[in-house]
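Hi everyone, thanks for making time.

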Amino acid sequence: MLIELDFSSQKPIYEQLYEQIIFALARGSLKPGEALPAVRTLAEEIGINLHTVNKAYTLLKDEGYVSMDRRKGTLINKFPIHTLHPPSLLLKEPLELLVAKSRLMGMKQEDFLTLCQTIYSDYKED
Amino acid sequence: MTESTFIFIILLFVFTLCFLTFTFSQKFSRPHQCFGVTLNENYQKNPSILNITRQFFRYSTFIFIFSLLLALIGYALLSEDTFGLAIPFLIILTMIGYFAVYIITHNKVKAFKKNLKEKPIVPTKMVVDTTFIQEKLRLKNIFKILFSAPLLFNLSISLYTFYRYPSVPDLIPMHWNFMGQIDAWTPKSFFTLLMPSIFSVFLVIMLLFTVTSLFNARGKLNPKKLEGSKKELLIYLKCQAFSIYLLTLSISLMFASIAFATFTASAMSKPIMLIFGALLLAGVLLMLYGTFKYNRKRSPKTSEEEDFSYAPEDDDNYWVWGSFYNNPNDPSLFVEKRYGVGWTVNIGNKKGKWLLAFLTLFVLLSLSLPLIL
């Protein structure tokens, strides 16, 4: 797994870390059952506070992508992950913001859907 | 040859080594580091930087001549024993001189950077490869197993000491001169007999700790040639770890032969002295080879090859005099040095503070021990 971080970005590091791990999971560079690097190891490799890494891992755990085992560390769950609510309900809010933005930018519905399709199929191929 | 002459020759050798390592440290430093200040390679060809470098060479040559004079004065005026005791202090005095020269140069480069109209571009992106982390963890575990051999060896010598204790004469040798002949005796006690092996066990643990820290330290990968830089860095780490391992074997062997020479009240065995000298030399050569190879590969040939990767230790604000790294947010214990080769302790976190305090205590103790005894 490759993690790319931008330290000049407005986005907090823990959020970037969280997103990078989700991308890696969706691409399959990390397989279910495998462990994420230990919090301390990753924090030392990047040079950031342990809490920052912990925050990202906790976020991933809360959303059901990983589960924490006291001995084995942070393990990747089987896909599809279990969610309390149906995905359509969970994704509605973040998607709504993107749709609103696309409208304000003058994007057509077809163009928006094509973009979604391209990105989705990118993940399928890998 | 008298012992004074021998000490004098050793001092000349040490001072020359100090001068060479100190003066050429900049050549071995990471690219973008100019006397402990983060500076783009292009600026390093700037006339004022070249002028600062020339002045630096003049100053360090002056310190070198001064150190040689000190050695000569010591040789001519001091008695054999005082000259022997004075060695560490003469070396420390020279080191302080070199460090002062470095700080003067460092401050000049800092002032130069401050006056630059165009601030150098600082990389903000970083790539972390988890397979690289896994490989480092694997190597760390291998070295832990390798280190168990000298550790067990030293522990068994400690046990053997207990077994041999009754048969050892009441007066035991406690010091050998440079030629391996006994020149000081001490009454037998568990403390005096066990000292070498306990000290050796302690050193092996310290060196094992150094090796594991080496593999925990942050590896800066070049995002533009990821696989290549990963491989180079791993070879470099292996060279460093193996050279420390050779050093550990050499030390174990030396203390073992001290222990045996103590039991039998004999001179140091020449072949064994040769073996641990050879191991030590092999370790040093391996370390130099690995470092040299790594630095040559790492220096960018074109501006496109530059490793534009962010690391917190590239920020000047976290450094005191470009030599002490103080970043409380970074949990790493060791980070790569800015001036010269190797690693330095992060004094910003608790672990680093403890290590620094411990090392200072250790150095002070080992310096004062010969004075007390």
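This is a predicted model: local features need pLDDT of at least 70, side-chain atom pairs count only at pLDDT 80 or more; totals for chains, interfaces and linings use all residues.

So, salt bridges: searching the whole structure turns up 11 of them over all chains. By that I mean a side-chain nitrogen of Lys or Arg within 4 Å of a carboxyl oxygen of Asp or Glu. Side chains of opposite charge can pair when their charged atoms come close.

Residues are numbered from 1 along each chain as its sequence is written, chains are lettered from A and ligands numbered from 1 in the order in which they are written, and side-chain values use heavy atoms, with hydrogens and water left out.

Let's start with R40(A) and E44(A), whose side chains meet in a salt bridge at 3.1 Å, N to O. Both sit in helix α2 of chain A, residues 39–46, and they are 4 residues apart, about one turn of the helix. Helices here are DSSP runs of H or I with at least four residues, strands are runs of E with at least two, and both are numbered from the N terminus.

How buried or exposed are these two? R40(A) has 36% relative accessibility, so it counts as partly exposed. E44(A), at 5%, counts as buried. The cut-offs: buried is under 20% relative accessible area, exposed is over 50%, and partly exposed is in between, using a 1.4 Å probe and protein chains only.

Now, which residue of chain B does E44(A) pair with? That's K351(B), with the closest N and O atoms 3.8 Å apart. K351(B) lies in helix α9 of chain B, residues 350–372, and E44(A) in α2 of chain A, so this pair joins two chains. K351(B) is partly exposed, because its relative accessibility is 40%. Put together, R40(A), E44(A) and K351(B) are linked in a network of salt bridges.

Next, E45(A) and K136(B): their side chains form a salt bridge at 2.8 Å, N to O. E45(A) is in α2 of chain A and K136(B) is in helix α5 of chain B, residues 130–164, so here too the pair joins two chains. Both E45(A) and K136(B) are buried.

That brings me to the helices themselves. Two packed helices are described by the angle between their axes and the distance between the axes. For α2(A) and α5(B), the angle is about 110° and the axes are 11 Å apart. The axes are lines fitted to C-alpha atoms, for helices over the stretch in contact, with angles from 0 to 180 degrees between N-to-C directions. That makes α2(A) roughly perpendicular to α5(B), a label covering 65 to 115 degrees. On the α2(A) side, the contact is made by T41(A), L42(A) and E45(A), and on the α5(B) side by F132(B), I133(B) and K136(B). Contact means heavy atoms within 4.5 Å.

Finally, a step back to chain A. It has 5 helices and 3 strands, in the order β-α-α-α-β-β-α-α along the sequence. Its C-alpha atoms fill a box of roughly 50 × 35 × 30 Å along the principal axes. Of the 126 residues in chain A, 27% are buried.

Definitions and conventions
Angles under 35 degrees count as roughly parallel, over 145 as roughly antiparallel, 65 to 115 as roughly perpendicular and the rest as oblique.
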